[in-house]
Amino acid sequence: MFKTTLLMGLMTALLMVIGDYIGGSSGMTFMLAFSILSNVLMYWYSDKLVISQYNAQPVDAGSAPQLYGIVEGLAQRAGLPMPKVYVIDTALPNAFATGRNPSHAAVCVTTGLMELLEPREIAGVLGHEMSHVLHNDILISTIAAGMAGVISVMARFAFWFGGSRDDRRNNPLAGVLMLVLTPIAAAIIQLAISRTREYMADYSGGELSGDPDALADALEKIEGYARYRTMPNATEATAHMFIISPFSAKDAQALFSTHPPTEKRIERLRQEAQEMRSRGMIDPVV
């Protein structure tokens, strides 16, 4: 909750900077009110917006028995309520979790992940995502996605219509800096939170699935596809939510990746697997 409050405060400050550029003190006041309203809406509805953005469709035990069963088994191991399960129709393998708390959580996987990965690897990926749910990472992740999107839109608005003071109206460089630097500042906030969060979810996901090697194998496969292709509808604002960035390595967005190097993640998971194996703790959920 502290991290979520801090994130909301930082995002609000960025919006107020944009407000000052657009309309001086009155613009800052407007943006303060706007940011408060945005924070409230993001808390309650940001998960629905993300799910809608990727056109994810709900599934159940009847329509996707293997996927649903794996999620159910992981939820029982973690002592969590059963989250909603969604599928995104794209050939690229990937996954993310969203929601404001474990009682209102959802996990989303792509059809490519279901088709290209073995059941044990799918369980490893879902163990990672359920770890995000367990540790309440999903709230800050989902709100960051929503607020970063709002800031990017408002920065573009400021570029085209901003400048309450004459000297700013005659200074195109100020507008360009507002357009470029403000979304980058929002991305830096996401990056600072997300990279540590991913390492922790990998470790906890390996424990939860009972097989860190399966998650490591899954990351190798997902990275192999993600390196060359970008997921349809992917945005910078939501990239940090996925288990691996949905942008290809050739895209400019890769420069601001919110994810740690996949090679380093795999190395840590292999070490975790060795430690668990030496203590007789390997116990795959599938």
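This note concerns the aromatic contacts in a predicted model.

1. Aromatic pairs. A pair of aromatic rings is described by the distance of the centres and the angle of the planes. Counted with a limit of 6.5 Å between ring centres, the model holds three aromatic pairs.

2. Y54 and F96. The ring centres of Y54 and F96 are 6.1 Å apart and the planes meet at 50°, so this pair is tilted.

3. F96 and F242. F96 also pairs with F242, in an edge-to-face arrangement with 5.0 Å from centre to centre and 70° between the planes. Here too, distant parts of the chain are linked, since strand β3 carries F96 and the loop between α8 (212–226) and α9 (262–278) carries F242, 146 residues apart.

4. Burial of the two phenylalanines. F96 has a relative accessibility of 0% and therefore counts as buried. F242 counts as buried because its relative accessibility is 1%. The cut-off for this class is under 20%.

5. Cluster. Y54, F96 and F242 together make up one aromatic cluster. F96 takes part in the tilted pair with Y54 and in the edge-to-face pair with F242.

6. A charge over a ring. Apart from the ring pairs, a contact between R268 and Y199 may be noted. R268 is placed over the face of Y199, at 3.7 Å from the ring centre.

Notes: Residues are numbered from 1 along each chain as its sequence is written. This is a predicted model: local features need pLDDT of at least 70, side-chain atom pairs count only at pLDDT 80 or more; totals for chains, interfaces and linings use all residues. Side-chain values use heavy atoms; hydrogens and water are left out. Rings of Phe, Tyr and Trp (its six-membered ring) pair if their centres lie within 6.5 Å; planes under 30 degrees apart count as stacked, over 60 as edge-to-face and the rest as tilted. Helices (H or I, at least four residues) and strands (E, at least two) are DSSP runs, numbered from the N terminus. Buried means under 20% relative accessible area, exposed over 50%, partly exposed in between (1.4 Å probe, protein chains only). A charge sits over a ring if NZ of Lys or CZ of Arg is within 6 Å of the ring centre and within 35 degrees of the ring normal.
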